[in-house]
Amino acid sequence: MSTRSYVSADEPLLDDGSAAALAETFKVLGDTTRVRILDALARAEVAVCDLARALGLTQSAVSHQLRLLRSMRLVRSRRDGRHIYYVVDDDHIAKLFKQGLEHVQERTAAAGRTLPARGDAPERRAAHHEHGAPRRGGPAATRRG
């Protein structure tokens, strides 16, 4: 058995353009708010107002993140009257999200730790904000007088 490692010429490495595009996709996925948005949108098509309420964020903050996700073609939208609904753009995005989550859960389980269930985010978020981290667009940002 050889201890030598090699890259096969039959399977060329990524070209610069593909590598840059993939890196940009992972960069966009490197934000917890966007990950939480994708979690919701991988489950169902959701109106912006409902998504904001579920995440405990302002509609403006959610819309800003959705614009970025849409520009990267990770989500798509449709208008129905006054509401705009979003969903993950295609099955590739849902699979990428699911595989990433499985990887994190397996890695965490192997280390002997447990991850909170997917639905535990609101409690963690509320505790975070109670400890002095102001919420964008929340009461601390409201102009008085």
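Me: Which pattern does the protein chain follow, read along the sequence?
Reply: The pattern of the protein chain in this predicted model is α-α-β-α-α-β-β-α-α, made up of six helices and three strands. Helices (H or I, at least four residues) and strands (E, at least two) are DSSP runs, numbered from the N terminus. Residues are numbered from 1 along each chain as its sequence is written. Because the model is predicted, local features need pLDDT of at least 70 and side-chain atom pairs count only at pLDDT 80 or more, while totals for chains, interfaces and linings use all residues; side-chain values use heavy atoms, with hydrogens and water left out.

Me: What pLDDT does the protein chain average?
Reply: The average is 81, and 76% of the residues score at least 70; pLDDT is the predictor's confidence in each residue, from 0 to 100. Over residues 121-145 the pLDDT is below 50, and this stretch has 14 contacts beyond near neighbours in sequence. Where pLDDT is low, the predicted coordinates should not be read in detail.

Me: Why is leucine 41 called buried?
Reply: Buried means under 20% relative accessible area, exposed over 50%, and partly exposed in between (1.4 Å probe, protein chains only). Leucine 41 has 1% relative accessibility, so it counts as buried.

Me: Where is leucine 41 placed, and which residues does leucine 41 touch?
Reply: Leucine 41 is in helix H2. Leaving aside residues up to four places away in sequence, leucine 41 touches Val46, Leu51, Leu66, Val75, Tyr86, Val87 and Val88; contact means heavy atoms within 4.5 Å.

Me: How many residues has helix H2, and what span does it reach?
Reply: Helix H2 (residues 32-43) has twelve residues and reaches 17 Å from first C-alpha to last, close to the 16 Å expected. The expected span is 1.5 Å times one less than the number of residues.

Me: What caps the N-terminal end of H2?
Reply: Aspartate 31 does, with a side-chain oxygen 3.0 Å from the backbone nitrogen of threonine 33.

Me: Why is arginine 73 called exposed?
Reply: Arginine 73 has a relative accessible area of 62%, so it passes the cut-off of over 50%. Arginine 73 is found in the loop between helix H4 (59-71) and strand S2 (75-80). Its phi is near 60°, a positive value in a residue other than glycine. Most residues other than glycine have a negative phi.

Me: What makes arginine 78 count as lying over the face of tyrosine 85?
Reply: A charge sits over a ring if NZ of Lys or CZ of Arg is within 6 Å of the ring centre and within 35 degrees of the ring normal. Arginine 78 lies over the face of tyrosine 85, at 4.7 Å from the ring centre.

Technical notes: Polar contact = N/O pair within 3.5 Å; in protein donor to acceptor, adjacent residues only side chain to side chain.
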